[in-house]
Amino acid sequence: MAVDYTTHDGVAVITLNNPPVNGLGLSTRAGIVEGIERAQNDPAIKAIVLTGAGKAFSGGADITEFNTPKATQEPTLATVIKIVEGSVKPVVAAIHSVAMGGGLELALGAHYRIAAPGAQIALPEVKLGILPGAGGTQRLPRAIGLEAALNMIVSGAPVLSEKLADSGLFDEVVQGDLAEAALAFARKVGAKEGPHPKVRERKIEHPNAAGFIQFARNSVAGIAKNFPAPHKCIDAVEAGVQNGFDKGLEFERECFIALVQTPESHALRHAFFGERAASKIPDVPADTPVRDISTVAVIGAGTMGGGIAMNFINAGIPVTLLETRQEALDRGLATIRKNYEATVKKGKLKPEALEQRMALITPTLSYDDLKHADLIVEAVFEELGVKEQVFKRLDEVAKPGAILASNTSTLDVDKIAAFTKRPQDVVGLHFFSPANVMKLLEVVRGKDTAKDVLATVMKLAKKIRKTAVVSGVCDGFIGNRMIEQYIRQALFMLEEGALPAQVDRAIEKFGFAMGPFRMSDLAGNDIGWAIRKRRYLEHPDMHYSKIADRLCEMGRFGQKTGGGWYDYKAGDRTAYPSNVVDEMIGEFSKDTNAARRKIGDEEIVERLVFALVNEGAKILEEGIASKASDIDMVYLTGYGFPLYRGGPMLYADTVGLYNVERAIRRYAARPNGDAWQLAPGIAELAAKGRGFND
Ligand code: 3HC
Ligand code: NAI
């Protein structure tokens with residue numbers, strides 16, 4: 001049973017008991033109704049307390065039920081709230097820990113609300129691409145006022161209960177034992193004559209409601225560009241302001257039903273569950289013991305090492321930072337300090353916190369200082385020989401059980417592990433640049449990496465607020481292996497008739513933060529050149545366009561050299577289409593006898609995105625990623641794939657794998673078609689009418 005019912009001297013206590021967060025699934029909803037009715041029918045009961053067991057009052061509607069028959073099966077949440085609100089005996093919601101979404105809406109249906117301090121109060125539906133669908137857009141403005149409510153509804157951000165103590169939401173914020181306080185409060189109101197207050201009967205008072213609503217619309221314009229929910233939130237609040245509670249509620253319901261079907265909501269829910277699923281590794285049980293990580297060491301204070309160190313410092317974990325030369329160490333420390341200073345300037349960090357954070361770094365040139373570290377992350381030059389030196393030395397100095405991690409982006413983690421006598425303790429931690437900002441962390445699992453090492457780094461990733469995704473060992477891991485196929489297609493399209501700005505514009509219109517050519521100019525075209533040179537030796541059979549090599553031979557490495565695929569002006573990151581490059585592209589097509597043709601935006605998007613999908617399917621087949629949503633999380637958090645499309649694999653499901661397969665076969669039959677080797681998994685799933693995420 002998802003709800004417990006107990007009585008305490010004239011008070012009935014209905015306790016939601018549906019771990020982990022008391023989601024309001026069908027059985028919980030039915031249990032609440034049963035409890036209310038039982039209390040109504042018991043003459044000894046004078047008042048009812050509604051609360052939650054465990055770590056939440058309630059995390060809201062059960063998202064897993066969305067778009068299933070259970071979601072609309074009675075009693076729906078709207079019905080439950082109506083019954084709670086209609087109860088003749090007063091209902092007191094006793095809130096602790098979390099009251100979110102439908103959970104808060106349920107509490108708003110109660111006659112009284114008391115809360116423990118520290119509870120997170122939110123209507124986060126907008127983050128799932130929907131709006132509060134059980135009266136939240138109507139009752140919250142009546143409880144706390146139009147402005148505060150709209151802010152909460154369109155941001156979805158949690159507010160601590162104590163901050164809302166005087167808002168009109170709570171009758172009391174109680175220190176001490178909430179259960180005891182709730183019983184006492186219930187007895188007090190149980191002794192009162194009814195009817196008991198209802199939030200729906202309060203008025204929304206605002207000197208200029210229409211003006212504020214317009215202001216809210218303007219403020220969400222940016223985020224609302226690709227998401228319909230924020231505007232609908234405002235529309236629903238406005239409907240209640242203009243037409244009263246019942247009409248507002250009706251409108252809210254209509255909007256909810258429409259929004260829950262949108263691809264944007266589907267994508268956001270996919271990302272919500274994908275993020276949580278990523279931390280679960282199929283053969284590493286949830287109860288795997290973890291190693292204690294209280295101190296960390298980082299080797300190399302360059303671009304990556306500095307950013308990596310900042311992650312741990314920000315989480316309060318002291319870091320020993322090792323370099324080979326004092327000046328490199330000083331430079332690294334100065335960069336870290338500069339980064340924090342910029343954060344202070346933006347008002348996001350208190351000046352005194354800067355020094356506290358810097359004090360958590362112990363700079364050193366000596367490996368002896370690493371012997372106490374629980375985790376050591378290597379971020380030195382990307383050369384196997386240098387990694388070998390470092391890991392051999394680490395094997396000598398690191399304490400037994402210390403986790404030895406490499407931030408390598410292209411090298412074989414198994415080879416690196418083999419430089420030590422403890423390959424079970426070695427793991428790849430592939431941070432993305434800038435490492436203190438980017439959410440993604442690819443955790444590279446070597447063939448010998450111990451399960452408790454994986455469990456430990458996944459837990460640590462949460463602490464440093466990263467989205468960690470496990471990848472097996474392969475060239476490029478999940479993210480870069482896929483992006484290579486995407487870049488390959490982008491380059492072929494230049495040969496065949498497109499220009500960089502056209503390719504970038506098409507994919508940016510699709511929603512990518514940055515097209516492949518702007519991205520390459522930012523990262524440095526020489527990096528891709530170096531990788532290709534390696535490929536030409538390792539895979540002479542693999543067909544690459546040589547067009548990017550010609551660009552590099554012109555010395556156009558990107559922003560850092562003032563020109564790449566685009567021209568740049570000093571101190572200006574704007575990419576200006578380049579006549580020189582466009583001419584070079586035309587010449588290149590001539591030299592290679594490639595017939596130039598007009599390439600439409602649809603083809604550009606298909607070839608780029610399906611190249612990701614096709615490689616993603618192979619990555620799944622090979623077990624490099626354990627589930628499609630892991631691949632999507634890599635692309636959403638590390639590669640600027642549009643969130644509202646849910647990642648490449650979900651996007652492929654949306655298009656339909658039948659259509660993806662047909663498109664790939666079509667491109668495979670055209671010039672440069674040898675780059676398309678259809679992943680068998682796509683054909684298999686398409687034949688079954690299934691998708692990657694089914
Ligand atoms: N429905 C179903 N499952 C939920 C859920 C929900 N509303 N909220 C959380 N869960 C699940 C998670 O998927 C996770 O499952 P797992 O263990 O199998 O991976 C588990 O609960 C624990 O979640 P977290 O790892 O996120 O736990 P935290 O303690 O870090 O956070 C939380 C708890 C703050 C409640 C966070 O889970 C959260 O933000 N949940 C979403 C809240 C939300 O968006 N509610 C609105 C729902 S929509 C709604 O109510 C519609 C209504 O207006 C009609
Ligand atoms: P970097 O050149 O900026 O920094 C490397 C630092 O390591 C330098 O400060 C150097 O002095 C130091 N170093 C070299 N040998 C050392 C040794 N034996 N002991 C101690 N310190 C030593 O390089 P970057 O970009 O920070 O890359 C580091 C690693 O991170 C590489 O493996 C790279 O592939 C990887 N990586 C880089 C990304 C990027 O975008 N730059 C992204 C993800 C991973």
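Leaving aside its neighbours within four places in sequence, which residues is Leu360 in contact with?

Modeller: This is a predicted model, in which local features need pLDDT of at least 70, side-chain atom pairs count only at pLDDT 80 or more, and totals for chains, interfaces and linings use all residues. Residues are numbered from 1 along each chain as its sequence is written, chains are lettered from A and ligands numbered from 1 in the order in which they are written, and side-chain values use heavy atoms, with hydrogens and water left out.

With those neighbours set aside, Leu360 is in contact (heavy atoms within 4.5 Å) with Ile313, Gly316, Pro318 and Val319. Val319 is 41 residues away along the chain, and its C-alpha atom is 6.2 Å from that of Leu360. Leu360 sits in the loop between helix H14 (351–359) and strand E12 (361–364); helices (H or I, at least four residues) and strands (E, at least two) are DSSP runs, numbered from the N terminus. The relative accessible area of Leu360 is 25%, so Leu360 counts as partly exposed, the class between buried (under 20%) and exposed (over 50%), with a 1.4 Å probe and protein chains only.

Next, the ligand. Around ligand 1 there are 24 residues, of which Gly102, Glu105, Glu125, Arg276 and Lys280 come nearest; a residue is near if one of its heavy atoms lies within 4 Å. Polar contacts are pairs of N or O atoms within 3.5 Å; within protein, one must be able to donate a hydrogen and the other to accept it, and residues adjacent in sequence count only if both atoms are side-chain atoms. An oxygen atom of ligand 1 is 2.7 Å from a side-chain N or O atom of Glu105, and one is 3.0 Å from a side-chain N or O atom of Lys55. The shell around ligand 1 takes its largest share, 3 residues, from helix H11.

Last, strand E6 (residues 112–115). Tyr112 and Ile114 point one way from E6, Arg113 and Ala115 point the other way, and all are buried. In a regular strand the side chains alternate between the two faces of the sheet. Strands pair if DSSP finds at least two bridges between them. Strand E4 (residues 91–95) runs parallel to E6 and is joined to E6 by 4 bridges, with Ala93 opposite Arg113. Strand E9 (residues 172–173) also pairs with E6 in the parallel sense, over 2 bridges, and there Ile114 stands opposite Glu172.
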